[in-house]
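Dear colleague,

My notes on what was found follow below.

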Amino acid sequence: MKIITVTTQAFSDQRPGTSGLRKKVKQFQAPHYLENFVQSIFDTQTELKGGTLVLGGDGRYYNRQAIQVILRMAAANGVARVMVGQGGLLSTPAASCIIRKYKTNGGIILSASHNPGGPDADFGIKFNTPNGGPAAENVTEAIFACTRKISEYQTIACGEIDLDTIGARPLGETRVDIIDPVADYAALMEHLFDFRRIKQMFDSGLLRMRFDAMHAITGPYAKHILEDTLGAEPGTVINGDPKEDFGGGHPDPNLVHAHEVVALSMGHNAVDFAAASDGDGDRSMILGRNIFVTPSDSLAVMAANAHHIKGYANGISGVARSMPTSQAVDRVAAALGVDCYETPTGWKFFGNLLDAKRITLCGEESFGTGSDHVREKDGLWAVLFWLNLLAVRKQPVAKIVQQHWQRFGRNFYTRYDYEGIDTGAANDLMTHLQMQLAGLPGTTLDGYKVDYADNFAYTDPVDGSISENQGIRIGFTDGSRIVYRLSGTGTKGATLRVYLEAFEPDPKKQRRETATVMQPLVEIATALAEIVSRTGRKEPTVIT
Ligand code: G16
């Protein structure tokens with residue numbers, strides 16, 4: 001096998017964001033763009049030489065081509081073995097599961113998650129470390145530093161590698177294993193959840209559900225687990241065939257983009273339980289009959305009910321949530337007497353806490369929940385957790401959630417996204433907020449007294465690393481909050497996220513409409529940041 005060294009020039013824009021490097025497909029197709037980033041992974045993650053790499057993606061446009069490029073470079077860089085999901089497919093949580101189960105040296109996951117796919121849409125790449133989780137900031141910064149000075153990369157010349165036939169084959173000195181993308185993940189789920197009980201619930205016709213795979217990666221996983229193994233009726237999984245452009249849709253499981261399954265969960269003929277997952281299978285949206293469970297509430301309900309679930313029956317060691325996620329789970333942690341951590345946005349910040357066994361469950365408002373079973377958030381896992389809970393408690397979703405609010409209080413929650421705004425204007429808006437922080441505590445905004453106002457910084461309790469500038473928090477004395485952040489996952493301009501939360505302990509007031517309850521906070525948040533004049537937007541692009 002002849003190794004070819006290709007001369008290249010560095011790009012200046014390859015710093016990974018919240019979750020890896022995400023750009024337009026066209027940018028990744030530019031000569032050397034993908035190769036430079038991949039070589040920077042091999043140059044910095046030296047244990048991959050002679051080691052094992054897991055490789056797969058969410059099946060979006062350019063997935064197959066990128067896998068061919070990476071396999072050739074892996075062979076040239078002396079990787080001993082590459083485990084590739086059949087067809088180049090691996091959901092993000094399945095990749096995490098496989099990295100851990102086979103004690104590999106890490107994985108490369110190709111995905112732009114919930115962003116649209118297709119020739120004019122988005123692509124992404126991220127490296128997961130041997131613990132199965134997204135690389136921590138010191139690793140992504142090292143990869144970024146390498147991309148800034150790279151001058152050559154290694155590859156080999158070879159024909160198209162067959163990605164579709166399961167089995168092992170040589171590629172130069174490297175062994176390529178094409179593996180079943182579903183089997184290991186499905187086995188892990190069966191270990192965690194009471195499949196017998198869930199199957200009984202489906203067999204007895206007590207529960208009708210729909211799962212929207214949004215033409216993305218979870219289709220094959222959901223069909224195998226929900227329909228073939230657990231006996232949910234055929235047709236339970238909708239939009240279950242992965243497509244390179246996600247059927248032209250936006251595979252983001254929220255009330256706006258997953259409207260098809262939302263509609264099936266509302267009205268007289270509504271199903272009892274519904275859910276959706278995203279492009280790469282790590283996000284989840286949970287719906288009951290005529291009720292949307294916010295991701296923050298879902299995390300809190302899971303924490304409060306974990307003892308009902310086989311895999312967590314011995315109790316949970318602690319919980320964590322990202323800073324903008326509602327404080328609902330904090331109240332559960334207090335009641336259970338376990339620690340609760342507030343981390344910056346980004347699943348990578350949960351890794352150390354999980355590895356150190358300080359937490360068992362964690363989650364984010366951005367439709368992600370997970371546990372110590374892998375080191376990624378996990379969409380189908382969340383669905384199975386709820387199914388197991390429904391099988392045990394034998395109550396509708398709405399009842400379970402309302403009883404939770406009665407016991408712990410309700411954290412009303414909403415998020416306003418202003419997508420694709422001018423980057424300069426977005427940065428100026430954040431600076432404008434920053435400059436007001438010192439003067440806010442003690443003042444009253446439209447009847448809400450400011451308790452604290454800061455720019456969130458996090459010191460990792462395990463390794464002491466510090467992450468600053470993680471979003472502006474304004475907390476009020478009644479427990480409500482406004483949080484502002486700029487997204488780290490967009491590919492066009494800037495996205496301003498405004499997160500709003502209000503606490504209601506009185507059960508008689510917990511059934512009010514979220515929009516009505518949040519309106520005063522929306523007005524304060526909009527005025528304080530001068531959103532309309534600074535961004536030119538009267539309304540957000542998406543409200544979730
Ligand atoms: C990623 C991260 C999450 C984060 C989300 C939104 O999710 O893994 O931790 O909450 O992006 O981030 P941002 O607000 O910066 O856009 P995913 O599902 O896109 O990989």
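Buried area here means the accessible area, taken with a 1.4 Å probe, that two parts lose on being put together, summed over both. Please keep in mind throughout that this is a predicted model.

The protein is divided into domain 1 (3-181), domain 2 (185-408) and domain 3 (410-543). Between domain 2 and domain 3 about 2,400 Å² is buried, with 55% of that area on carbon and sulfur atoms. On the domain 2 side, the residues that lose the most area to domain 3 are Met323, Asn352 and Trp405, which together account for 24% of what that side buries. Counted by contacts, 29 residues of domain 2 touch 26 residues of domain 3, and the C-alpha centres of these two domains are 26 Å apart.

The other finding concerns a pair of helices, α6 (residues 183-192) and α8 (residues 218-229), whose axes come within 11 Å of each other and cross at roughly 40°. Where the two helices meet, Tyr185, Ala186 and Met189 come from α6, while Tyr221, His224 and Ile225 come from α8. Sorted by class, this contact has five nonpolar residues and one polar residue, with no charged residues.

With best wishes

How values were computed
Residues numbered from 1 in each chain as written. Predicted model: local features only at pLDDT ≥ 70, side-chain atom pairs only at ≥ 80, totals over all residues. Heavy atoms only, no water. Axes fitted to C-alpha atoms, helices over the stretch in contact; angles between N-to-C directions. Helix = DSSP H or I, 4+ residues; strand = E, 2+ residues; numbered from the N terminus. Contact = heavy atoms within 4.5 Å. Nonpolar A, V, L, I, M, F, W, Y, C, P; charged D, E, K, R; others polar. Domains from an automatic or database assignment.
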